[in-house]
Amino acid sequence: MFRYVHTNIIAKDPDKLIAFYKEVFHCKSIGEERDLKGQWLDRLTGLNNAHIMGEHLLLPGYGDDHPTLEIFSYDAVRETVIGEVNRPGIAHIAFEVDDVETTLELMIHAGGSQVGELVTAEYPNDTEAVFVYARDPEGNIIELQSWRQKKN
């Protein structure tokens, strides 16, 4: 069996980040809170005395158990390196929304920020998409997108 399960974000303030994703993106608690430690976790992470706490949030638009956004924090968190859209590795997570402009405003009001400009791009079959890159309160990049038929 193969299936996508979750994406993990390590947060400096997990409670604040969990609240942000619930408010802005309608992610939901599903009762999967974690308080993890022990030799198995040390071996898995390669860290000594690792201790992780956090929660799995159900992503909008899917079933009752997966996929989730896993927001965790370690007792010892390294210094943050702010992500950039062209940095190797995972660049962003994306949410399809009804209204990019309104969701961007909600993100900013909830502590996020805008990265680049809001753009509209033409696609085949008289389709266009509205995109913008933004950041959550801890600097993780999020792409907002909305698809529609072109207006004639």
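Predicted model: local features only at pLDDT ≥ 70, side-chain atom pairs only at ≥ 80, totals over all residues.
User: What does the C-alpha trace span along its principal axes, and what percentage of the residues is buried?
Analyst: The C-alpha trace spans about 60 × 35 × 30 Å along its principal axes. A residue counts as buried under 20% relative accessible area. Of the 152 residues in the protein chain, the buried share is 38%.

User: Now to the strands. How many residues of β4 are buried?
Analyst: Strand β4 covers residues 68-74. Thr68, Glu70, Phe72 and Tyr74 point one way from β4, while Leu69, Ile71 and Ser73 point the other way, and all are buried. That arrangement goes with a general rule: in a regular strand the side chains alternate between the two faces of the sheet. Strand β4 is largely enclosed by the rest of the structure, because its buried residues number seven of seven.

User: Which strand pairs with β4 in the parallel sense, and which residue of β4 is the bridge partner of Ile9?
Analyst: The parallel pairing with β4 is made by strand β1, residues 6-10, over five bridges. Within β4, the bridge partner of Ile9 is Ile71.

User: How many bridges join β3 to β4, and which residue of β4 stands opposite Leu57?
Analyst: Strands β3 and β4 run antiparallel and are joined by seven bridges. One of the pairings links Gly54 with Phe72 of β4. For Leu57, the residue standing opposite in β4 is Leu69.

User: How much of β3 is buried, and how many bridges join it to β2?
Analyst: Strand β3, residues 51-58, is mostly covered, with seven of its eight residues buried. Its link to strand β2 (residues 28-37) is antiparallel, and Lys28 stands opposite Leu58 of β3. The number of bridges joining β2 to β3 is eight.

User: Is Ile30 buried or partly exposed, and what separates its C-alpha atom from that of Gly83?
Analyst: Ile30 has its place in strand β2. Its relative accessible area is 26%, so Ile30 is partly exposed. Ile30 and Gly83 are 53 residues apart along the chain, and their C-alpha atoms are separated by 28 Å.

User: And Phe131: is that residue buried or exposed, and what is the C-alpha separation from Trp147?
Analyst: Phe131 lies in strand β8, residues 127-135. Its relative accessibility is 15%, so Phe131 counts as buried. Trp147 is 16 residues away along the chain, and the two C-alpha atoms are separated by 9.0 Å.

User: Let's turn to charges. How many salt bridges does the structure hold, and what is the N to O distance for Glu32 and Arg34?
Analyst: In general, side chains of opposite charge can pair when their charged atoms come close. The structure holds three salt bridges. In one of them Arg34 takes part, a residue that counts as partly exposed because its relative accessibility is 28%. Its side chain meets that of Glu32 with an N to O distance of 3.1 Å.

User: Which residue forms a salt bridge with Arg148, and why does the pair tie together separate parts of the sequence?
Analyst: The closest N and O atoms of Arg148 and its partner Glu128 are 2.8 Å apart. Arg148 lies in strand β9 and Glu128 in strand β8, so the pair ties together parts that are 20 residues apart in sequence. Arg148 is partly exposed at 33% relative accessible area, whereas at 13% the buried residue is Glu128.

User: What about Glu122: which residue meets it in a salt bridge?
Analyst: Glu122 is exposed, with a relative accessible area of 61%. Its salt bridge has an N to O distance of 3.3 Å, and the partner is Lys150.

User: Last one: which residues gather in a patch of negative charge on the surface?
Analyst: One of them is Glu105, which lies in helix α3, residues 100-109. Glu105 has a relative accessible area of 56%, so this residue is exposed. The patch gathers Glu96, Asp98, Asp99, Glu101 and Glu105.

Technical notes. Residues numbered from 1 in each chain as written. Heavy atoms only, no water. Patch = residues over 30% accessible without salt bridge, like charges linked within 9 Å, V, L, I, M, F, W, Y side chains within 5 Å. Areas by Shrake-Rupley, 256 points an atom, 1.4 Å probe, with all protein chains shown as cover. Salt bridge = Lys/Arg side-chain N within 4 Å of Asp/Glu carboxyl O. Lys, Arg positive; Asp, Glu negative; His and termini not counted. Charge placed at Lys NZ, Arg CZ, Asp CG, Glu CD. Helix = DSSP H or I, 4+ residues; strand = E, 2+ residues; numbered from the N terminus. Buried < 20%, exposed > 50% of the residue type's maximum accessible area, 1.4 Å probe, protein only. Pairing = 2+ DSSP bridges.
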